Amino acid sequence: MKGELDRKTAIFEGTVLEIKQPSQKTIMSTADKVRVTFEVSRVWKGEVGQQAEVYTAMSSASCGIENFEVGTKYIVSAYKDSKPLETNICDLTKPLANARAELAILGDGYAPMDQASNESGNLMVITLIVTITAIIIGLFVWMIVKRPRV
C-alpha cells in the first residue's frame, strides 16, 4: 500500500457520473481508452478537483477496468505522465464498498480542490503573461521612438 501511495499521482474517492466509450472505428483495440467522469468527495493524494476524468483501457485484456458503474462510489488510484489521469486493474482502484482495509490505512483525506479557485489560478497566470508581454512590447516601442535619428 505504501508503494501505491508513492507511485500514484492521485488517489481519491468518487462517484461515477458518466462512462464514455471510445468512438467506433473500423479497427478497434482492447487498449482504446474509456473516459470515466467522477464526482470527487475525498482526496488522499494529488490536486484533484470536484470532478475528475480518468481513463482506462476498454478491456481487461489490456489491463482496463471494465466494471465501472454509474452511481457507484470508488476509491481511485491513478497516474499521470504527460497525459490525463489513467488507472488499470493492477491499481488500487475498486468499489468503495470493497476498500475497507485501504481506507483504514489512508485515513481521513481532504476535500477536493474548488474548481473556481483552480480557474482563478489559471486566470492569474494568463493575466501575468499578458502583462509581461505588454511591458516587453512597450519597451520595444519606447526603444524605437527614443533611438537617435540620423
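Student: What makes Ile-137, Phe-140, Val-141, Ile-144 and Val-145 a nonpolar patch on the surface?

Tutor: A patch takes residues with over 30% relative accessible area and no salt bridge, joining like charges within 9 Å and nonpolar side chains (Val, Leu, Ile, Met, Phe, Trp, Tyr) within 5 Å. Ile-137, Phe-140, Val-141, Ile-144 and Val-145 form such a nonpolar patch, with about 480 Å² of accessible area together (Shrake-Rupley method, 1.4 Å probe, only the protein chains shown counting as cover for residues). The model is predicted, so local features need pLDDT of at least 70 and side-chain atom pairs 80 or more, while totals for chains, interfaces and linings use all residues. Residues are numbered from 1 along each chain as its sequence is written, and side-chain values use heavy atoms, without hydrogens or water.

Student: Why is Val-145 called exposed?

Tutor: Exposed means over 50% relative accessible area, buried under 20%, and partly exposed in between (1.4 Å probe, protein chains only). Val-145 has 53%, so Val-145 is exposed. Val-145 belongs to helix α3, residues 115-146; helices (H or I, at least four residues) and strands (E, at least two) are DSSP runs, numbered from the N terminus.

Student: How do you know how many disulfides the structure has?

Tutor: The whole structure was searched, and zero were found. A disulfide here is a pair of cysteine sulfur atoms within 2.5 Å. The cysteine sulfur closest to that of Cys-63 is in Cys-90, at 4.9 Å, and therefore too far for a bond. Cys-90 is likewise in no disulfide, its nearest cysteine sulfur being that of Cys-63.

Student: What is said about phi of Cys-63?

Tutor: Phi of Cys-63 is near 70 degrees, a positive value in a residue other than glycine. Most residues other than glycine have a negative phi. Cys-63 sits in the loop between β3 and β4.

Student: Is Thr-87 buried or exposed, and how do you know?

Tutor: Thr-87 has a relative accessible area of 2%, so Thr-87 is buried. Thr-87 lies in the loop between β4 (73-78) and β5 (94-95). Leaving aside neighbours within four places in sequence, the residues in contact with Thr-87 (heavy atoms within 4.5 Å) include Val-54, Tyr-55, Ile-65, Phe-68 and Thr-93.

Student: Which residues touch the most other members of the largest nonpolar core?

Tutor: A nonpolar core is a set of buried Ala, Val, Leu, Ile, Met, Phe, Trp, Tyr and Cys residues joined through side-chain atoms within 4.5 Å. The largest has 17 residues, and Phe-12, Phe-38, Val-48, Val-54, Phe-68 and Val-76 touch the most other members. β1 (10-20), β2 (33-45), β3 (51-57) and β4 each supply at least two residues of this core, and β2 gives the largest share, five residues. Apart from this core lies another of seven residues, among them Ile-11, Leu-92, Ala-99 and Leu-106.

Student: Which residues does Phe-12 touch?

Tutor: Not counting residues up to four places away in sequence, Phe-12 touches Phe-38, Val-48, Val-54 and Val-76, among others including Trp-44 and Tyr-74.

Student: What makes Lys-33 and Glu-86 a salt bridge?

Tutor: A salt bridge needs a side-chain nitrogen of Lys or Arg within 4 Å of a carboxyl oxygen of Asp or Glu. For Lys-33 and Glu-86 the N to O value is 3.2 Å, and the pair is a salt bridge. Lys-33 is in strand β2 and Glu-86 in the loop between β4 and β5, 53 residues apart. Glu-86, at 9% relative accessible area, is therefore buried, whereas Lys-33, at 37%, counts as partly exposed.

Student: How many salt bridges does the structure hold?

Tutor: The structure holds eight. One pairs Glu-18 with Arg-35, the closest N and O atoms being 3.5 Å apart; Glu-18 is in strand β1 and Arg-35 in strand β2, 17 residues apart. Arg-35 also forms a salt bridge with Glu-53, at 3.7 Å, and Glu-53 is in strand β3. Glu-18 is partly exposed at 37%, as is Glu-53 at 40%. Glu-13, Arg-42 and Lys-73 are linked in a network of salt bridges.
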